[in-house]
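Please brief me on this model, from the whole chain down to single residues. Keep it short and grouped by topic.

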Amino acid sequence: MARMKILTRHEVAEFELPPKFNSAERKQFFSISQAINELLAILRTPTNQVCFLILVGYFKAKRKFFGQQFSQLDVEFVAHQVGVNSSDVTIESYSRETYIRHQRLILQHFGYQAFDEMARAFTCTEVQALVRVQHRPKLIFLEVVQILTRKKITLPTYNLLADLIVEAINQHLQTLGDAVEKSLTKSQCEKLDGLLEKETNADGDLGWRYQLTGYKKSFHSIRPTQIKENVNDLAVLQALYLEFKPVISILNLSSESIRYYACFVIKAQIPHVSRRSSQVRTLYLIAFIAYQTFKLTDILTDTLLSSVQNVLNLTQRNQQERYFKERTQRSQAFAQLQAQLATIRQILSNKELDNQQKIGLIDTASATENPSEAEKALQNGQEDFDELETQSLKLQRRVAELIRHLHFDKNTSKPSLLKALEYYQAHDSTLDKNAPVAFLEAKEREALNTTDGKFRVSLYKVLLFIKTAHAIKSGAINLLHSAKYRSLEDYLIPKADWEAHREQYLERANLTDFADCQATLNALEVKLDERYQYVNQRFKAGENQYLSLRTDGTAHVKTPKKETVESLSLGTFFPECSYISMLEMLATVNQATDFISEFEHWQSKYQRAKPASKVLFAGIIGYGCDIGHRKLALISSQLNENELENVVNWYFSLQNIQNANDKILHFIDQLELPSLHQTADEPLHTSSDGQKVEVNVDSFNANHSFKYFGKTKGASVVTFIDSRGLMWYSIVISSAEREAMTVIDGLMHNDVVKSDIHSTDTHGYSEVIFGTTYFLRFEFAPRIKGQSKQRLVAFKPRSDYEKLGYVLLPNTRVKEAMLEKQWDEILRFIATIQLKMTTASQLFKRLNAYSHQHSLYKALKEFGKIPKSLFILKYRDDCLFRQSIEAQLNKVESSNKFSKAISFGHNQEFVQSEKEEQEIAESCRRLIKNAIVCWNYLYLT
């Protein structure tokens with residue numbers, strides 16, 4: 001047995017022991033196909049026939065063999081299947097030679113390979129690749145199982161796989177340690193160890209705080225003092241990062257590896273870090289420097305964007321106030337103009353005057369001291385620049401020093417702006433009229449000089465900051481040392497690697513069927529033509545009574561409510577006591593599911609004594625109910641505050657809580673009651689929706705929204721739920737972000753709930769999402785507001801369908817040439833998502849930034865119009881389909897109300913600044929909700 005604990009005892013037993021089938025599963029796995037029947041025919045004895053079919057069923061279920069471990073119920077069922085008497089079956093007479101021969105027959109039948117030396121070498125290679133990017137042994141184990149299944153290799157024993165993983169982890173750490181030792185100089189090692197020493201005060205005496213401690217915390221604020229602290233920290237860490245960058249390149253650490261090692265330094269106390277071996281300590285500190293450099297760069301970039309937006313909002317508000325103040329003057333000027341026009345009409349209509357006299361009188365009547373309209377427009381434009389210049393000092397206090405420490409990518413679509421930024425970074429304190437102005441518009445360049453020729457430095461700076469913020473948002477300017485604001489190309493599979501191994505990537509990402517662009521489009525053309533024909537024929541035949549056409553030709557559909565079915569209230573089945581304690585509920589569900597076992601220590605290499613369950617329950621309740629752990633410890637007699645804080649620090653990672661949720665969902669999924677109203681062939685319908693939540697601390701993952709939060713800021717919690725009430729994923733985004741970007745993230749988190757149809761409201765829909773879900777083989781079915789105004793596409797001209805007498809017609813044709821040109825890039829983008837190399841939401845954020853010029857975005861959007869047209873035609877034709885969408889979206893609305901009932905502390909607000917901390921709190925809340933659902937299912941069962 002490997003020293004490292006990868007799976008729990010229960011999970012090891014489940015992996016190593018034969019499956020325990022219920023009656024439905026026996027019928028499924030022990031069914032006899034024609035090919036199996038032919039193999040059974042060559043077996044002479046009833047024992048061999050029964051044992052062979054049992055081996056087949058077990059192999060179909062778990063892709064491995066379990067020796068001669070046969071359940072008596074399975075023996076009796078299979079004996080009946082093959083038409084023999086179970087008393088004639090004697091397992092003792094089933095020899096090992098026969099067992100091995102049957103193994104070979106089964107492997108040959110299913111096209112599988114035995115786990116031999118070649119398979120072991122392949123597994124070692126895959127494990128080593130996974131260890132370089134993943135540090136949770138359990139996830140490595142599960143991923144290896146999936147790889148072996150995909151490659152049709154028989155699964156080996158748990159001990160063998162565990163030993164391979166442990167060996168690979170130890171070897172990887174040793175390799176990294178050796179590389180660090182060889183690459184670093186003595187002075188660099190001393191510089192790293194200096195971070196673990198205490199700071200010295202002005203007198204040269206040692207202070208109370210370690211140097212490294214000051215770099216662990218960053219501020220999500222646009223207050224100048226806190227921005228200054230972030231900038232100072234970035235200056236130190238970025239200098240260290242650039243010094244150690246060659247070492248980081250040699251180590252070739254993935255972003256996940258850097259995060260794992262860095263978070264240990266953040267979570268641990270300094271003495272704990274100091275006690276590590278020299279190699280490991282140095283590796284962790286280098287990772288910490290890289291991680292914090294990227295994190296601070298992102299925070300300061302968010303600071304720049306937020307500060308610039310505040311100034312623009314304030315400027316716009318002041319301009320509006322000035323506009324409203326000048327309304328009286330404009331009304332008087334308009335009245336005066338009307339009077340002048342009336343006078344001029346009288347002069348022109350006076351026949352006693354000649355032309356020369358009329359011209360003189362008109363000149364006199366039109367003469368005024370008020371400026372002309374052109375002069376007013378010029379004056380208003382100048383006032384706009386004056387207003388910006390007034391706000392410049394406020395903006396400079398926040399971002400002037402900040403921009404000097406950002407490293408911009410040389411590859412940019414705005415070289416003139418990059419040149420101006422480089423000049424600014426080099427001449428910040430001595431800016432003059434020689435500063436580059438090519439990035440500005442003509443009227444902006446004119447406004448930079450006063451009438452006496454003086455250069456307006458403050459106006460130049462504020463315009464530079466605004467242009468920089470807009471360029472970062474649009475992707476025209478990218479950052480080098482950043483996790484969020486790099487070039488889109490940095491997040492995708494490397495181009496050269498893709499071109500060299502395209503077929504392998506397509507196979508791993510299950511995209512081989514889409515490799516040929518023309519074949520894919522031809523198949524879609526046939527499907528789209530059939531859908532147009534079917535929907536139009538049903539409408540013309542009067543079979544679609546809920547679809548009508550308006551006078552302007554647009555389609556209008558009605559969706560009647562489903563008929564209610566009379567039934568007893570569930571309340572009659574529950575105990576008379578209306579309430580049970582949350583602690584009792586969690587303990588009961590844990591007894592059934594053992595979800596607490598998923599709370600592993602951040603460093604899972606060595607076995608540790610598991611914290612008491614009550615402490616883990618307290619952590620879940622403190623996060624999920626927004627009570628707070630300190631307050632919970634104070635009001636609980638059996639909790640120690642330090643112990644609770646330590647457990648939350650080391651055991652409450654986002655991955656752990658998601659795994660705990662999945663464990664509960666997996667248990668519910670095995671129950672019969674949740675699927676009582678769902679037939680075996682019925683697709684699983686899921687949905688997602690966002691709920692606005694206030695954030696009462698400074699956070700860049702929150703935005704103003706007066707409609708929802710008034711003057712405060714908030715975030716949006718997007719929850720995913722299926723038709724059985726299982727809440728299988730959630731994510732926290734800024735309230736300013738579209739929910740559509742999160743749809744793919746939720747669908748890709750399909751370890752337990754594998755969605756067939758997914759619905760959202762209008763905020764969760766876009767044509768890019770339609771295209772992406774098609775490649776990922778999900779049916780996307782949103783409820784789109786104003787769907788009658790949506791434009792349909794086809795591969796043929798509209799006139800072809802008009803000749804056939806169709807009334808539901810396409811608006812435009814598919815731009816096939818665009819798709820063919822970008823097809824390979826589309827596949828690379830989808831493969832990156834499918835292989836989980838980058839989250840879909842991160843890719844969409846960067847891709848949306850380029851939306852006006854990026855060819856990949858245009859192509860994905862164009863492709864998405866095809867499945868979108870298929871959906872809209874089906875939506876207009878199928879009333880039951882519309883009703884199921886409405887019903888499923890109602891469930892996610894109910895889950896949002898459920899959240900409010902759970903989150904009763906802190907007025908249902910987030911009290912965490914970091915996005916990950918907010919998602920940990922939300923995942924704990926979702927864990928409580930899923931546990932309540934599980935408790936109810938258990939009781940009713």
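**Briefing: a buried glutamine, then the wider chain**

Gln238 sits in helix 11 (residues 224-251). Helices here are DSSP runs of H or I with at least four residues, strands are E runs of at least two, and both are numbered from the N terminus. The model is predicted: local features need pLDDT of at least 70, side-chain atom pairs count only at pLDDT 80 or more, and totals for chains, interfaces and linings use all residues. Residues are numbered from 1 along each chain as its sequence is written, and side-chain values use heavy atoms, with hydrogens and water left out.

**Gln238**

- Gln238 counts as buried because its relative accessibility is 4%. Buried means under 20% relative accessible area, exposed means over 50%, and partly exposed lies in between (1.4 Å probe, protein chains only).
- The Gln238 side chain comes to 2.8 Å from the backbone oxygen of His405. A polar contact is a pair of N or O atoms within 3.5 Å; within protein, one must be able to donate a hydrogen and the other to accept it, and residues adjacent in sequence count only if both atoms are side-chain atoms.
- Leaving aside residues up to four places away in sequence, Gln238 touches Thr293, Thr297, His405, His407 and His481. Contact means heavy atoms within 4.5 Å.

**Whole chain**

- The protein chain has 38 helices and twelve strands.
- Its C-alpha trace spans about 130 × 90 × 65 Å along the principal axes.
- Of the 941 residues in the protein chain, 49% are buried.
- Among contacts in the protein chain with a separation of 6 or more, 73% come from residues 24 or more positions apart.
- The protein chain exposes about 47000 Å², and carbon and sulfur atoms supply 51% of that area. Accessible areas come from the Shrake-Rupley method with a 1.4 Å probe; for residues, only the protein chains shown count as cover.
- Ala35 and Glu401 are 366 residues apart along the chain, and their C-alpha atoms are separated by 74 Å.
- Ala35 belongs to helix 3 (residues 34-41). With 33% relative accessibility, Ala35 is partly exposed.

**The loop between helix 8 and helix 9**

- Thr157 is in the loop between helix 8 (137-150) and helix 9 (158-183). Its relative accessibility is 40%, so Thr157 counts as partly exposed.
- The side chain of Thr157 has a polar atom 3.3 Å from the backbone nitrogen of Leu160.
- Beyond residues up to four places away in sequence, Thr157 touches Phe15, Glu16 and Lys64.
- Thr157 and Lys64 are 93 residues apart in sequence, with 8.8 Å from C-alpha to C-alpha.
- Lys152 lies in the loop between helix 8 and helix 9. Lys152 has a relative accessible area of 39% and is partly exposed.

**Positive phi**

- Most residues other than glycine have a negative phi.
- Lys152 is not a glycine, yet has a positive phi of about 60°.
- Asp626 also has a positive phi of about 60° without being a glycine.
- Asp626 is placed in the loop between helix 26 (613-624) and helix 27 (629-635). Asp626 is buried, at 4% relative accessibility.

**Aromatic residues**

- The whole structure holds 47 aromatic pairs. Rings of Phe, Tyr and Trp (its six-membered ring) pair if their centres lie within 6.5 Å; planes under 30 degrees apart count as stacked, over 60 as edge-to-face and the rest as tilted.
- One of them is the edge-to-face pair of Phe264 and Tyr284, at 5.1 Å centre to centre and 65° between the planes.
- Phe264 lies in helix 12 (residues 255-267) and Tyr284 in helix 14 (residues 278-325), so the pair ties together parts 20 residues apart in sequence.
- Phe264 is buried at 3% relative accessibility. Tyr284 is buried at 5%.
- One aromatic cluster is formed by Phe21, Phe29, Phe30, Tyr58, Phe66, Phe70, Phe77, Tyr94 and Tyr99.

**Surface patch**

- Leu568, Leu570, Phe573, Tyr939 and Leu940 form a nonpolar surface patch with about 490 Å² of accessible area together. Patches are made of residues with over 30% relative accessible area and no salt bridge: like charges are joined within 9 Å, nonpolar side chains (Val, Leu, Ile, Met, Phe, Trp, Tyr) within 5 Å. A salt bridge is a side-chain nitrogen of Lys or Arg within 4 Å of a carboxyl oxygen of Asp or Glu.
- Leu568 sits in the loop between strand 4 (555-557) and helix 25 (582-593). Leu568 is exposed, with 64% relative accessible area.
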